[in-house]
Amino acid sequence: MRRIILLFLCLYACGFVYSQTITPGGPIGFCIGGSVTLTITGAPAGSTYQWLRNAANIAGATSVTYTTNVAATYTAIVTTPPDPPTTLNDVIVAAYVSPVADF
């Protein structure tokens with residue numbers, strides 16, 4: 001029993017208990033005038049969030065979801081006390097130009 005508890009504490013301390021990721025709510029590209037919603041999944045209750053665009057904090061973007069209409073690379077930092085902050089995977093959001101009929 002002691003070994004099981006020790007293993008669990010080690011996994012918890014190393015961050016393996018939570019599998020946190022950024023999940024887009026659909027395609028990660030949009031046509032001009034559209035948007036993409038990104039959601040942090042797998043974070044435990046009590047976590048705090050900070051979204052980043054091209055490695056810079058986005059002012060006021062501290063929710064579990066973030067909706068954008070700007071093409072860029074997005075990531076998030078999740079903090080769950082007492083664990084250190086975790087930087088999540090990058091998601092590249094693209095903007096597409098609307099096609100023009102050529103006939």
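Predicted model: local features only at pLDDT ≥ 70, side-chain atom pairs only at ≥ 80, totals over all residues.
How many aromatic pairs does the count come to in this protein? The count comes to two aromatic pairs, where rings of Phe, Tyr and Trp (its six-membered ring) pair if their centres lie within 6.5 Å.

Residues are numbered from 1 along each chain as its sequence is written, and side-chain values use heavy atoms, with hydrogens and water left out.

**Confidence and overall make-up**

The predictor's confidence in each residue is given as pLDDT, from 0 to 100. Here the mean pLDDT is 86, and 83% of the residues reach 70 or more. A contact means heavy atoms within 4.5 Å.

The protein has one helix and nine strands. Both are DSSP runs numbered from the N terminus: helices are H or I with at least four residues, strands are E with at least two. Read along the sequence, the pattern is α-β-β-β-β-β-β-β-β-β. Among contacts between residues at least 6 apart in sequence, 47% join residues at least 24 apart.

As for the surface, the protein exposes about 6800 Å², with carbon and sulfur atoms supplying 64% of it; such areas come from the Shrake-Rupley method with a 1.4 Å probe, and for residues only the protein chains shown count as cover. Of the 103 residues, 26% count as buried. Buried means under 20% relative accessible area, exposed over 50%, and partly exposed in between (1.4 Å probe, protein chains only).

**The core and its rings**

A nonpolar core is a set of buried Ala, Val, Leu, Ile, Met, Phe, Trp, Tyr and Cys residues joined through side-chain atoms within 4.5 Å. The largest one here has 17 residues, and those touching the most other members are Ile 22, Leu 38, Ile 40, Trp 51, Tyr 74 and Val 93. At least two core residues come from each of strand 3 (36-41), strand 4 (48-53), strand 7 (72-79) and strand 9 (91-96). Strand 7 gives the largest share, four residues.

Take Leu 38 as an example. Leaving aside neighbours within four places in sequence, Leu 38 has contacts that include Ile 22, Trp 51, Tyr 66, Tyr 74 and Val 93.

Back to the rings from the opening. A pair of aromatic rings is described by the distance of the centres and the angle of the planes. Planes under 30 degrees apart count as stacked, over 60 as edge-to-face and the rest as tilted. Tyr 66 and Tyr 74 form a tilted pair, 5.9 Å centre to centre with 40° between the planes. Tyr 66 and Tyr 74 are both buried. With Trp 51, these two tyrosines make up a cluster linked by ring pairs.

Two strands pair if DSSP finds at least two bridges between them.

| Strands | Bridges | Facing residues |
|---|---|---|
| strand 4 and strand 7 | six | Gln 50 and Ile 77 |
| strand 7 and strand 9 | three | Thr 73 and Ile 92 |
| strand 7 and strand 8 (residues 86-87) | two | Val 78 and Thr 86 |

Strand 7 is also joined to strand 8 by a hairpin through six residues. The loop between these two strands holds Pro 82, and a cis peptide bond joins Pro 81 and Pro 82, with omega about 5°.

**Loops worth a look**

Val 70 counts as partly exposed because its relative accessibility is 34%. Beyond neighbours within four places in sequence, Val 70 is in contact with Phe 30, Arg 53 and Val 93. Val 70 and Ile 32 are 38 residues apart in sequence, yet 9.3 Å apart in space, C-alpha to C-alpha.

The loop between strand 4 and strand 5 (56-57) contains Asn 54 and Ala 55. Asn 54 has a phi near 50°, a positive value in a residue other than glycine. Ala 55, not a glycine either, has a positive phi of about 70°. At 70% relative accessibility, Ala 55 counts as exposed.
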